[in-house]
Amino acid sequence: MVLSQEEKAALASVLDTVTCGQVVQGQNPITIPATATLVEACEIIASNGILSALVENPDGPGYVGSFSYRSLLMFFLNQVPAHGDKPAAVVDLRSVIMQAKPDVKAADFCREKGKGYETVTVDQPLRAAVDLFAKGIHRCSVMDANNAIVVGTLSQSLALRFLAARMDSAFPNVIAKRIGDLNMGNRPAVCIEERKNVIEGMDIMYRNKLSSIAVIDETGRLTGNLSLSDIKYVFQSRAYQMLWYTVKSFIKVLRERQPLESSMAMDTFPFFDITKERTLQLAIQKMIATRVHHLWIVNESGKPTGVCSMTDIMKVFAS
């Protein structure tokens with residue numbers, strides 16, 4: 001379904017009048033020092049519970065690239081097998097990275113792999129970021145007016161929360177549309193059985209360049225969601241033994257230690273499912289309430305058949 005001119009104009013009333021700087025106002029972004037080694041860069045990412053950070057340029061002002069959680073996972077999985085028995089010795093992130101890249105600087109690593117990040121400036125309209133998000137970019141760095149210093153990070157989730165606070169009054173007709181009518185939820189779901197280990201799920205996400213996978217029971221029914229944000233907890237708390245928990249046990253621990261704090265949050269499953277007959281508004285509300293980037297499309301048997309992502313929503317807003 002194509003949006004009408006009136007509906008596009010309603011979206012434009014927000015996307016073209018709000019700046020990226022307004023959305024990230026008050027942030028204090030973390031950057032990786034120019035002198036940091038890869039070990040130190042990984043520890044900065046893990047200890048701060050962030051998915052990426054810009055690496056400062058050792059040769060002058062600016063940044064040479066972005067160091068992300070995906071790089072951390074690459075180093076870890078290259079040294080610690082995802083399949084097989086749990087290692088006899090205690091696994092430690094520092095020792096794993098030291099074995100992989102003992103003396104490499106984060107800046108040199110970023111130069112070798114390329115820029116790896118997208119930017120907008122504080123005075124560009126929010127539409128500039130939404131257009132990037134519609135292409136599958138999950139976050140972009142917001143630079144000052146001179147495009148020299150990072151002042152914040154604008155993510156899909158932050159943009160969605162900002163727009164959700166205005167959607168009822170600004171573009172009610174858009175959010176009233178059904179997911180299926182907006183051609184969302186057609187991409188197949190990638191799943192892991194809840195009896196598998198967390199590190200196997202981490203490997204699936206890394207190999208498939210995903211940030212989230214559906215969790216299913218032995219009958220194929222959806223029971224939960226495993227994401228990179230969940231795995232951040234392992235590295236941030238240095239609880240590496242949890243990588244060899246079953247996914248079912250791991251999710252149980254997370255629910256006990258990190259309860260949902262939103263008044264919209266649901267107390268029992270289903271947290272992460274939706275059908276194509278439900279509205280865009282409900283999809284947005286569920287994503288915000290459960291702090292996820294994906295909702296799983298389920299059939300009448302409760303089995304995941306597709307996925308509705310924040311990228312899909314951003315495509316609607318950018319249309």
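**Close-up 1. Helix 3 (38-48) and helix 12 (228-237) each contribute at least two residues to the lining of the second largest cavity.** The model shown is predicted. Helix 3 gives the most to this lining, with three residues. The second largest cavity has a volume of about 40 Å³. Its lining consists of Glu43, Ala46, Ser47, Leu93, Phe235, Gln236, Arg238 and Tyr240. By class, four of these lining residues are nonpolar, two are polar and two are charged.

**Close-up 2. The largest cavity has a volume of about 50 Å³.** Arg187, Pro188, Ala189 and Val190 are among the residues that line the largest cavity. Leu210, Ser212, His294, Trp296 and Val307 also belong to this lining. The lining of the largest cavity divides into six nonpolar, two polar and one charged residue. The count for the model comes to two cavities of 30 Å³ or more.

**Close-up 3. Three strands make an open sheet, in the order 4-5-6.** The pairing in this sheet is mixed. Strand 4 (119-121) and strand 6 (150-155) stand at the edges. Each has a single partner strand, so one side of each is left without a neighbour in the sheet. From one strand to the next, the twist averages 30°.

**Close-up 4. Strand 4 pairs with strand 5 (residues 139-143) in the parallel sense.** Three bridges join the two strands. Thr121 has Met143, in strand 5, as its bridge partner. Strands of a sheet pair through backbone hydrogen bonds, either parallel or antiparallel.

Key
Residues are numbered from 1 along each chain as its sequence is written. This is a predicted model: local features need pLDDT of at least 70, side-chain atom pairs count only at pLDDT 80 or more; totals for chains, interfaces and linings use all residues. Side-chain values use heavy atoms; hydrogens and water are left out. Two strands pair if DSSP finds at least two bridges between them. Helices (H or I, at least four residues) and strands (E, at least two) are DSSP runs, numbered from the N terminus. Axes are lines fitted to C-alpha atoms, for helices over the stretch in contact, and angles run from 0 to 180 degrees between N-to-C directions. On a 1 Å grid over the protein atoms alone, a cavity is a set of points where a 1.4 Å probe fits but cannot get out, and a pocket is an open set with protein on both sides within 12 Å along at least five of seven lines; lining residues have an atom within 4 Å of a point. Grid points are joined across faces, edges and corners, and a volume is the space filled by probe spheres set on the points. Ala, Val, Leu, Ile, Met, Phe, Trp, Tyr, Cys and Pro count as nonpolar, Asp, Glu, Lys and Arg as charged, and the others, Gly among them, as polar.
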